Amino acid sequence: MFAILSAGIAPTLALMAFFYLKDRFAEPLPLIIKMFIYGGLLVFPIMFIQYAFNAEEIAQNNFIQSFFLIALIEEFFKWFIFIYVIYHHTEFDAHYDGIIYAVAISLGFATVENILYLITNGIEYAFTRALFPVSSHAIFGVIMGYYFGKAKMNQTNKNRNIFLAFCIPFLLHGTYNYILKTVTSDWLFLLIPFMIILWIYGLRKVKLANQPKAKVALHSEKQRA
């Protein structure tokens, strides 16, 4: 059991440390831990909802399962917790803060989900779980937090950015799951390029969010031009 717990927790802590250390103005650890715990607790109501749908044999289609039963429910709950708990918090006062707190929620979720998966299926899946599901949850959190940060720091297009904070992670998460459900052989040849693109996209958002405010604003103006 200790080996499973270690294998389940280690990749999420490593990823959390990676994004935390990129913050130019460190956020309070108790608040980050709180968001991590909230993310972990989300696993249980989500599992119940998904179990109920599967037990009633609703949403058996791969597309519906991937995008709605999994991606929509998981990303919506994370998005909702962010708005309800942290969006209006006084500590959320910089663009990159959104990434830190959203990644904490996502990795909290990924940690509990990963441990439960390894308990059920065996520790031999620890490496592939760390490489794909856990790291993908981290990048979904980066993207969600980037747009929440953008909404918080700039009231222009606030509602649009709050919507994008849900919509883009949802679509990427759904695509990830759809690849796993529909590609039965040689799935690595499709999933690895997807993950590389996902990480490049996520790390670019990290870089933009970490720029001084003036540069971020300037970049936004260039994009609109």
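This is a predicted model: local features need pLDDT of at least 70, side-chain atom pairs count only at pLDDT 80 or more; totals for chains, interfaces and linings use all residues.
Buried in α7 are Leu191, Phe194, Met195, Leu198, Gly202, Lys205, Val206, Leu208 and Ala209; they cover an arc of only 160° around the axis, which puts them on the same side of α7. The helix comprises the 22 residues 188-209, which at 1.5 Å a residue should span 32 Å, and this agrees with the 31 Å between its end C-alpha atoms.

Helix α3 (residues 62-86) contains Ser66, which is buried with a relative accessible area of 0%. The side chain of Ser66 reaches the backbone oxygen of Asn62 at 2.7 Å, and, leaving aside residues up to four places away in sequence, Ser66 touches Ala71, Gly174, Asn177, Tyr178 and Lys181.

Across the whole structure, a search finds 23 aromatic pairs. One of them is formed by Phe63 and Tyr178; because Phe63 lies in helix α3 and Tyr178 in helix α6 (residues 158-182), the pair ties together parts that are 115 residues apart in sequence. Two edge-to-face pairs are set out here.

| Pair | Centre to centre | Angle between planes |
|---|---|---|
| Phe63 and Tyr178 | 6.0 Å | 80° |
| Phe76 and Phe77 | 6.2 Å | 85° |

Phe63 is partly exposed at 41% relative accessibility, as is Tyr178 at 34%; Phe76 counts as partly exposed at 36%, and Phe77 at 22%. Ring pairs link these residues into a cluster whose members include Phe67, Trp79 and Phe170.

Charged side chains also meet rings: Lys78 lies over the face of Phe109 at 5.4 Å from the ring centre, while the charged end of Lys152 sits over the ring of Tyr87, 5.5 Å from its centre.

Conventions: Residues are numbered from 1 along each chain as its sequence is written. Side-chain values use heavy atoms; hydrogens and water are left out. Helices (H or I, at least four residues) and strands (E, at least two) are DSSP runs, numbered from the N terminus. The expected span of a helix is 1.5 Å times one less than its number of residues. Buried means under 20% relative accessible area, exposed over 50%, partly exposed in between (1.4 Å probe, protein chains only). The arc is that of the directions from the helix axis to the C-beta atoms. A polar contact is a pair of N or O atoms within 3.5 Å; within protein, one must be able to donate a hydrogen and the other to accept it, and residues adjacent in sequence count only if both atoms are side-chain atoms. Contact means heavy atoms within 4.5 Å. Rings of Phe, Tyr and Trp (its six-membered ring) pair if their centres lie within 6.5 Å; planes under 30 degrees apart count as stacked, over 60 as edge-to-face and the rest as tilted. A charge sits over a ring if NZ of Lys or CZ of Arg is within 6 Å of the ring centre and within 35 degrees of the ring normal.
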